[in-house]
Amino acid sequence: MRLSKYLAATSLLALAFSGAAPAVAAAAETTADTAGGGLEEVIVTAQKRKENLQDTPIAISVLTAAGIEDRNVYSLVDLGDGAIPSLKVAPFFSRPGALIMNIRGIGVLSDSNQPARDQGVGIYVDGVYMGRPQGLGVAMYDVESIEVLKGPQGTLFGRNTEGGAVSITTRKPKGEFGLLAKGGASSFSGYTGELHVDLPKVAGFSVKLDGVLTGRNGWVDNPLPQAEDFGGYEKRAFRARVLWEPSSNLTFDYAYDTAYDATTTLYQQFLARYPGSFTPAASNTQSTKRIDVATMGVPQLESVGNTWGHRLTGEWRVTDGLTVKSITSYRDLKQDQWDNGSASQSAGAFLLPPAASFLNRNFGRFSTALFNQDQFSQELQLIGETERLKWVAGALYFREHVTDNARAFETSTFTDAAGLANTPRGIDYLAQRIDRASEVTSKSTGVFAQATYTPPVLNDDLHVTVGGRWTKDEKTGRMRTINGVNFPVGSQGQVVGGLLSPPPMNSSWDRFDPVVNVAYDISDDIMVYAKYSTGYKSGGANSRSLRYQPFNPETVDMTEIGAKLEFFDRRARLNVAAYDGKYKDIQLDFQAQYVQTDPVTGALLTTQRTTIETTNAPGEGKINGFEADLTFAATDNLTLSASYAYNKVDIPATINPFRQANGQFITVPVPIYQVYTPENSASIALDYERPFRNAKIAVHLDGNYGDGYYANYTDVAYDPVTRAVTIKQPKGDSSFIVNGRISLADIPAGGGKATLSLWSRNLLDEEHVFAKFLDPRFGYGGFFNEPRTVGVEVAVKM
């Protein structure tokens, strides 16, 4: 679809409701949560100031604190069921310790689980940018709202927001005593606990303490005794926050947080054999149904992440029309990885004929890694307002240092010829060869400004916004180790241990990201807008490469039109947006057979060694789609909501610049698929409340649909002569996940209020393979969604 197809529909929709303007105008002076039963006003900070969602000409979806509780969201991982249709959250392959975040199909196409690579969706917590996909799965604190800003946010949010941004806001100290305690139990020996304490203000200081813990066993049992099951987790987090108000116009908000996030890898289930493949008997139990016991027991450890950080936000209201804001932050992250979830697949990779023996053959590829990162950021904002002009300007400095290493080795041995039995090898995991290690320091500096002007025409209903941001990124890094060979600093271009030491990366890029937005108030309750914006994902280098060659940033230019409407005496709210964009310099990974020669003698060093190289694809991709969010207060007790997103990303077929056959480069373009993005996704919800004696009954039910997506963006094989796809990548299943919660709330309890809740995620126990993979050596594998989880919770609020 093209933008022009949406334009007429969106304009007609806005005009159709404009006839209701006089009826709703009478209610304009009343607040949104009055006794008239209107919808509550939703406050957002997408433009660096607090504004009504309906007055903000940006496509935004908001999950409020109530919505977070109703859906039992404890971390960003829990948004993977599709609560916000344009946002896709998924683990990186089988590893919940690093998340993939896509908005409108943009964010992650290649592997971002590396030090010198970035994601295309920016994650912010209380204004602080989270630099790595590792650590995003930690338990969240007392969250006030999650704002999903759709489309490029390059002007106000900067680098790595080509797809959009996710802004998480937590609750501030209140300055008066308050306590909220929660405890619960659920399926798979699950447990939850929360404690949030507000202390009274003393000498201008208000203190808030937050503690969260949650955990469960895995939902696929590992038959090996003493080994961890698959799909389990243990999360705990603590935060102390101090708000100092030395005067009425000056505040300092300090927070310290620390979190522990232990997860076990997901289990890749063997789905079906590929014709001609052969697998050992133990792993040949193919099934298209979700299993609860792994077909083979293998060693498995928890992957543990530890994060901690400081944030200091100072805010000085110089005058009624000018505020100065400073956000200073330092964060530290350590994440290890222990992934043996694909053992049943790797066991079949021998290509042995049926008569061959598996006795004493090793299998169970343990993919391990250690990731360390620290980051510092400083942002300064000037926020001003006059009668006709609202503006914001500022500057940002960001620096991070990241190191990683990775090993892969086989953990188990078959003890019979048929492959029915196996035993652990009993090796020292940390003594195994380091396959790759790298380090990188990234720095980014930016200045930005944006202003919205309301000219004295058209009854002050026209609002014109222009802005821009200049950014400079610098990255310096190097490969420290490849295949067990350590490269000393300064050894680039030399032969070390039989390998050519790759050159270091010393790259920089700068760019300008503009925004233009024209909004018009058709009435007090109807606004239409048209917006042009750009964003980018930073360049970098691939640490899975033997050459460590830098690649350039990729960019998105997008035009968006939208409408925001409230009607039926503000009982109904409808926000729609349509967009069309260009996707350029797309960062793609290709496998290559890389031949190394001695730079002095010309002697062959390594023959047919596989490497993964990243290149910026030529050509121009296309992005287009449509989004709608509807909320309707059907009665004073019943609220219905629905959201829909159509996201289409077309990436031009691209030549693998490294692929050769018989010494000749293959110049046939390879089809490229957008990954981790359902083309159609939707969410519906029902919320009902009614008084019950001295308390109230609250019921929440939501359903979330997605029509499946690819997990690999290139086909397994492509015939260079016929140009036919010989083995096509499988696509994940469509899904419909239902969640529910029923509560007896506001029960009088010793001067406070208590709530008893029964909840379920995946209430109907729907099952689908969300990510499918094909290796012709053995067949099809994939990851199933989680089974039904049921839990109870008790909460007390004082």
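A residue is called buried when its relative accessible area is under 20%, and partly exposed when the value lies between that limit and 50%. The views below show a predicted model, and this cut-off is used in reading several of them.

**View 1. Arg241 and Asp253 form a salt bridge between two strands**. In this close-up, the closest N and O atoms of Arg241 and Asp253 are 2.6 Å apart.

**View 2. Lys208 and Asp142 form a salt bridge that links distant parts of the chain**. The closest N and O atoms of this pair are 3.0 Å apart. Lys208 is found in strand β12 (residues 205-216), while Asp142 is found in the loop between β7 (128-129) and β8 (143-150), and the two residues are 66 residues apart. Lys208 and Asp142 are both buried.

**View 3. A network of salt bridges includes the pairs of the two views above**. Asp126, Asp142, Arg171, Lys208, Asp210, Arg239, Arg241, Asp253 and Arg311 are the residues linked in this network. For the structure as a whole, the number of salt bridges is 53.

**View 4. Glu613 and Arg547 form a salt bridge between a strand and a loop**. The closest N and O atoms of Glu613 and Arg547 are 3.5 Å apart. Glu613 sits in strand β33 (residues 604-616), and Arg547 sits in the loop between β28 (540-541) and β29 (550-551), so that this pair, with its partners 66 residues apart, links distant parts of the chain. Glu613 counts as buried because its relative accessibility is 3%, whereas Arg547, at 25% relative accessibility, counts as partly exposed.

**View 5. Thr413 is shown with the residues that it touches**. Thr413 has its place in strand β19, which covers residues 389-414, and it is buried because its relative accessible area of 14% falls under the 20% limit. The side chain of Thr413 is joined to the side chain of Asn362 by a polar contact of 2.7 Å. If residues up to four places away in sequence are not counted, Thr413 touches Asn360, Arg361, Asn362, Phe363, Ala421, Asn422, Thr423 and Arg425.

How values were computed
Residues are numbered from 1 along each chain as its sequence is written. This is a predicted model: local features need pLDDT of at least 70, side-chain atom pairs count only at pLDDT 80 or more; totals for chains, interfaces and linings use all residues. Side-chain values use heavy atoms; hydrogens and water are left out. Helices (H or I, at least four residues) and strands (E, at least two) are DSSP runs, numbered from the N terminus. Buried means under 20% relative accessible area, exposed over 50%, partly exposed in between (1.4 Å probe, protein chains only). A polar contact is a pair of N or O atoms within 3.5 Å; within protein, one must be able to donate a hydrogen and the other to accept it, and residues adjacent in sequence count only if both atoms are side-chain atoms. Contact means heavy atoms within 4.5 Å. A salt bridge is a side-chain nitrogen of Lys or Arg within 4 Å of a carboxyl oxygen of Asp or Glu.
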